[in-house]
Amino acid sequence: MKSIVTCLTGCGLIVLFAAFKIQPGSPIRFENRQAQSGVRFTLQNGTNSDKPIVDSVLGGVAVIDYDKDGFLDLFFTNGASLPGMSKDGATFQNRLYHNNHDGTFTDVTQQAGVAGAGYGMGVAIGDCDNDGYPDIFVAGVNRNQLFHNNHDGTFSDVTDKAGVSGLVKGKKVWSVGAAWLDYDNDGLLDLFVSNYIDWTPETNRVCGGAGRRLSCSPVLYPGTANTLYHNSGDGTFTDVSEAMGISKLVGKGMGLAVADYDNDGFPDVFVANDNERNFLFHNLAGRRFEEVGLNAGVAYTEDGVPASSMGVDFRDINNDGRPDLVLTALAGEVFSVRLNAGGGLFDDYSYQSGIGMAAVSMSGWSVGAYDFDNDGRKDLFLTNSHVSENVHAFSHLYYKQHNAVFHNRGNAKFENLSASSGLTDAAPLAHRGSAFGDLNNDGGIDVIVSAIGDPAEILYNDSPGRGHWIILDLEGTKSNRDGIGTRVKLTSSSKQVQYNHATTSVGYVSSSDRRVHFGLGTDTLVQEIDLYWPSGRRQVIHNIPADQIIKVKEQ
């Protein structure tokens, strides 16, 4: 079939970039340009002297091109005052920043109408009505919100009409994260929401002595089931959690990620549970989900115990065509790397990968698997901080920590490059959520990180000697408009084969760029791009020059 491919950026640079060779495996570096960016957001948790558990779990971040100008804008969820959980004053508002295309951003929260209400947690970006403009879902404590994009720079709160406020059988639940996915491949994005624990200000437990309070363990609270909403196509959603086999599993859901791990054409969902076994929901052709985490080998650590699983990315890190899992955990636990062995099984590769031992002193929240130096292999970025700000009073651990980056040397073996990456140059922070995307359209994946009590980090990818690249901006016609769920196989001119897929659900309760990025190393030409759309259609395009963003429309 004839493919529609449009060059969006970088067309005039192709000859320039092709004039010299860039060696792969160059150092990875980031520069925090928050000071000059105009982004003044600080994550506020509204904590009080009792340190309630709610004050440590927030912090979702999103990149969103809300005005369709080709540049990624920024959205931050925010907390509220405690114990009332209301946004008392501007410091607790969510924030939307418009990308001015020159490295600066403008706060447009008020005119956009997305300041929000209640205690916000996570965020998911997706075009839920296929009108070509991304919408915003915010997960929160006993209150979720869905903001519809009005195409004019403003949003409308359509939560009640859509039926996604978070009520489960008449009871409010604490939602932490969410993901857009088309689980039945009907061309409409559905919504999966991860729910945490059964907690209220009235049932809050207090841990630690006066002046040295700790965030209490989630084991002191009952867990809750997750929620799956089916998109009805008329602006409303139906809770199908029970019918689809989701609500029968009770956990303590935090980060979640979506990938078709068995390549059967239907997206599956992984939920990282806090001190409970993790869930892997296998999609049975859009008719039902079965939870297979234990049999697949991803429910527990290699010691057979649950971990404080928080962030997760579900992506192919060894280029064998099968999505793998990378999970964060608390210090003293193992950051888990599970390689997809096929046949519904995953192998524990945590220590062999080089991550397990290197990260043992880190407490990780978010994680993203992206090719930061564009050498054709996905690297790992970790956002770190302990849960409790007073942890130092009881152990050798520290609350505020540096972020970390691990370079993929091939075959999912990683090297810790944090010390030379620029990430340790500044003071450590109480990092939480992170979003990944190319903010300035230069082919390098940048990172935006929230931090409790400190300005967000706007980390531009400043890696010297980055390789060539290509970014696919997908548009579904028979599939959902965002192309979410599309699986992509890329073959470069040197016959290097890579795999990726379109998703916004990455890391910890955050939402990353839906566009699909590939690093190409020294190759200046993509020989073939093979796309498997959620509709079941296959599309192949050939001979695409490197160093550009291309728009690919489903045919």
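Modeller: Alanine 412 sits in the loop that runs between strand S29 (404-408) and strand S30 (414-416). The model is a predicted one. The phi angle of alanine 412 is near 60 degrees, a positive value in a residue other than glycine. Alanine 412 has a relative accessible area of 0%, and because buried means under 20%, this residue counts as buried.

Another backbone feature is found at a proline. Leucine 82 and proline 83 are joined by a cis peptide bond, with omega at about 10 degrees. Proline 83 is part of the loop between strand S4 (73-76) and strand S5 (95-99).

Next, the cysteines. One disulfide turns up when the whole structure is searched. Its partners are cysteine 207 and cysteine 216, with an S to S distance of 2.0 Å. The link between cysteine 207 and cysteine 216 is right-handed, with 115 degrees about the S-S bond. Cysteine 216 has 4% relative accessibility and therefore counts as buried. Cysteine 128 is buried as well, at 10% relative accessibility.

Among the strands, there is an open sheet of four, in the order S19-S20-S21-S22, with antiparallel pairing. Its edges are strand S19 (253-259) and strand S22 (289-291), each of which pairs on one side only. On average, neighbouring strands of this sheet are turned by 20 degrees against each other, direction ignored. Within the sheet, strand S20 (residues 268-273) pairs with strand S21 (residues 279-283) in the antiparallel sense over three bridges. Valine 271 stands opposite phenylalanine 279 of S21.

The largest pocket has a volume of about 440 Å³. It is lined by 26 residues, and those closest to its centre are Asp65, Lys68, Asp473, Arg514 and Arg515. At least two lining residues come from each of strand S1 (4-9), strand S3 (61-64), strand S34 (468-475) and strand S42 (548-553). S34 gives the most, with three residues. By type, the lining of the largest pocket divides into nine nonpolar, six polar and eleven charged residues.

The second largest pocket holds about 360 Å³ of space. Its lining has 21 residues, and Val168, Lys171, Val173, Thr224 and Ala225 lie nearest its centre. Strand S12 (171-172) and strand S15 (224-225) each supply at least two residues of this lining. The residues lining the second largest pocket divide into seven nonpolar, eight polar and six charged.

Definitions and conventions
Residues are numbered from 1 along each chain as its sequence is written. This is a predicted model: local features need pLDDT of at least 70, side-chain atom pairs count only at pLDDT 80 or more; totals for chains, interfaces and linings use all residues. Side-chain values use heavy atoms; hydrogens and water are left out. Two strands pair if DSSP finds at least two bridges between them. Axes are lines fitted to C-alpha atoms, for helices over the stretch in contact, and angles run from 0 to 180 degrees between N-to-C directions. On a 1 Å grid over the protein atoms alone, a cavity is a set of points where a 1.4 Å probe fits but cannot get out, and a pocket is an open set with protein on both sides within 12 Å along at least five of seven lines; lining residues have an atom within 4 Å of a point. Grid points are joined across faces, edges and corners, and a volume is the space filled by probe spheres set on the points. Ala, Val, Leu, Ile, Met, Phe, Trp, Tyr, Cys and Pro count as nonpolar, Asp, Glu, Lys and Arg as charged, and the others, Gly among them, as polar. A disulfide is a pair of cysteine sulfur atoms within 2.5 Å. Buried means under 20% relative accessible area, exposed over 50%, partly exposed in between (1.4 Å probe, protein chains only).
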